Amino acid sequence: MPNKTPTSAPVAAIRTVGGGRIKLRGRSDNLPQKWWFASTAIPLIAATIGPFSNVLSIVSLVSPWRLTLPDNGMASSDNHGSDDAAWGIPDPKWEIIPNIFSIIFGFLGHLFLLLNFTRRVRYIVALPLSIVFWLLSALILIVVETVMAIYAPPVAPGEAYSQGFWHSVMASLMYVLSSAMLMVNMVGYFKGHYPQNFELDDDQRTLILQTMSFFFWLAGGAGVFCALEGFTYADSLYFSQVTILTVGFGDFAPKSDSGRGFLFAFQIIGVIFLGLVISSLTRFAANISADKIIKRHRQHKRESTVGRTVTNERELRERLGLPPVRSDSAAAEGGLSEGASEYVRRASIMQLGRLEIVGRAVTFHEGKTRNAMSSGEEALRDRRKKRRQKLLLLEEEKDRFDVMRQIQEETKHWKQSWALGMALLSFFSFWTIGALVFMVTEMRISQWRYFDSLYFCFVAILTIGYGDLAPKSNIGKPFFIVWSITAVPIVTVLVQQMSQTVVMAINRGTFTLADWTIMPKKGILKSFLNRHPTTARLFGRKQTGTEKGKRPERPTRDEGQFEDMDPERPFGQQQDRSQRLQKGQHDDNELAKRLSTAIKAVAHDLRSHPPKVYSYEEWAGFTELIRFTAFSSLEGDEPAERGEQTEWDWIGEDSPLLADVTEAEWILDRLCESLGRWMRRQAQKHEQTKYWDEVFDVMEGRVGERRKDEEAESPQRAGSKLYGYGRSEGWKGVNWEEPTGHIGRPLTR
């Protein structure tokens, strides 16, 4: 039977426009993607900002844009909050009607973005419409604000812009920001960096729905408080925001029984919505960082390790910049005996310096040269100096496994540090920049200094809310709504990261201090000296063991211990430590029993939390069960042809420790694949037995007949049972051949 040609996965073509500068990809393909932030984060951020922009735009519509201040705007001790005591000036119609259209366009822009997420409208149609509608909303608001500032501005000092005007300014900025982000997303698409369809996972869908629900609840609650307490809608939105964030400045509070009763339900549901949004934002940020930033760091560490790895002597000499090994053929041509050629090969290193291997680190101590060196020799010497401390010796497969575990552990600590650093950076940015803005906005009424603003922002962002300082200006309150809706979740994320890093470090330090002081731990001094050999030598103690769970460090070796090695073969193979299975060295039936038991055990490990992490010995057992069916695979049933993985390198790109799933999930998939191969092989063996039985029937002239008595157990027929392929002593002289897996059509009558 002819071999099947493996078919590759379909790859969608890229349609180029404009001389190749514009590359349009299909709705979905398997091509590599770039600009991951633009393709993944930007649409979700825009979908989150959209509803908030609409809420701000609603405030600008229902609130007058100008106010008349009491006492002609002169602040005094009796009228400290002059903006709160002001009354509105009716807005002209040319300001109200465009504002209505701005809100409509804002809702349409968000609607088309959601339709693109749900694939109701194509990307190439929905995103341009979202950009156009949001730009129209922003443009309308900017034009109205400009006309207001030119033709009907408030007359100072008795008049001022209201919260409605500043809400309009912030809404227009939000619309422009959303449009700009979607433009960046479309630029990435036109450059061919990603396809049209935006794949939403469950967390992203939840984030969009929860964000919309939160802002709907916030805006609706503000309307209810406006009706029950007589607040303006702008003040009601500010009060609702301060309440849901649990800040509680005390400058606004419900006075009526109906308002206080509504507060019960409003606050409980609002806090639930806020917690869900913060949780979804945290997962979204963690998924983005895990998919790109964390994986990129781990990949960099892995590539750096692979670049330093040495597996044989020839590669070791090449990496160190040492002379190459003189081959036996070259030595024979030069008239050297086998022993002399080996001495020349070893002496070439001893003449240049001394090679030491301590643990996995390879160090070359270069000797001093007495004779003058040429420029080429000097360059070679400089190259050796740069490389001699950068090599890593991995003799065995377990060494590669341990190195990958070290990379995982280092990446885990780096991930925690990176997340904590980003949270701290965001916290200090919102704290210091927000304080600067509040100092400017509250200068006219409250005369805040920068330190006062820092104090207020710190109290607000940590939801302490003493109430001694609170924004009172018409621009300060809208800015607080925008600033706090982002700053307070940042603090929540910061606390979570601190609990995973700082708090854990403090706990470890506390336990260590207790082990050395009031609650001494048995064997801690011995374990400490084993981990720190330099300190052990200072104390004159000899290391006798290692810390539990760690391998003993290999003794120091020099060049003389390479004499029995083939420079072309890896060190692990030279020492005969390969654990790779060989065909015929295992009992299939016994391994099949172990395979079923292992599948049951790993399936149980799937429920472990945190996910199960297996030792090298456990991985070695699983590897044996995965590979034993691959060595005797049938024709047309090769694992590679079926997309099944049976071979890997622990520090390679195909390492199981780099998979996107847990170790238990990966192992269970491979074990099930191995079980499938074994079952297919057993089924085909059964077909082969039937085939050879039919061959015997034809050759014995008993076509279509079966002797079910003594002839079925006769020696001539025993071969089909004993050997499985119908071989018997009675058919000597027949040229038997092993079946090759695919038998073709069996013989019939």
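Which ring does the charged end of lysine 477 sit over? The ring belongs to tyrosine 238, and the charged end of lysine 477 is 5.6 Å from its centre.

## About the model

This is a predicted model, in which local features need pLDDT of at least 70 and side-chain atom pairs count only at pLDDT 80 or more, while totals for chains, interfaces and linings use all residues. Residues are numbered from 1 along each chain as its sequence is written, and side-chain values use heavy atoms, with hydrogens and water left out.

## The chain as a whole

Let's start with the overall picture. The protein chain has 22 helices and nine strands; these are DSSP runs, numbered from the N terminus (helices: H or I, at least four residues; strands: E, at least two). Of the 749 residues in the chain, 42% are buried. Here, buried means under 20% relative accessible area, exposed means over 50%, and partly exposed lies in between (1.4 Å probe, protein chains only).

Contacts are heavy atoms within 4.5 Å. Among the chain's contacts with a separation of 6 or more, 72% join residues 24 or more positions apart. The accessible surface comes to about 41200 Å², and carbon and sulfur atoms account for 59% of that. Accessible areas come from the Shrake-Rupley method with a 1.4 Å probe; for residues, only the protein chains shown count as cover.

## Aromatic pairs

The whole structure holds 42 aromatic pairs. Rings of Phe, Tyr and Trp (its six-membered ring) pair if their centres lie within 6.5 Å; planes under 30 degrees apart are stacked, over 60 edge-to-face, and the rest tilted. One of these pairs is tilted: tyrosine 189 and phenylalanine 190, at 5.7 Å centre to centre with 50° between the planes. Tyrosine 189 is buried at 1% relative accessibility, whereas phenylalanine 190 is partly exposed at 31%.

Another pair, phenylalanine 225 with phenylalanine 266, is edge-to-face, with 5.3 Å between centres and 90° between planes. Phenylalanine 225 lies in helix α5 (residues 202-229) and phenylalanine 266 in helix α7 (residues 257-308), so this pair ties together parts that are 41 residues apart in sequence. Phenylalanine 225 is buried, with a relative accessible area of 0%, and phenylalanine 266 is buried at 0% too.

## Charges over rings

Back to the opening question's theme: a charge sits over a ring if NZ of Lys or CZ of Arg is within 6 Å of the ring centre and within 35 degrees of the ring normal. Besides lysine 477 over tyrosine 238, the charged end of arginine 627 sits over the ring of tryptophan 648, 4.7 Å from its centre.
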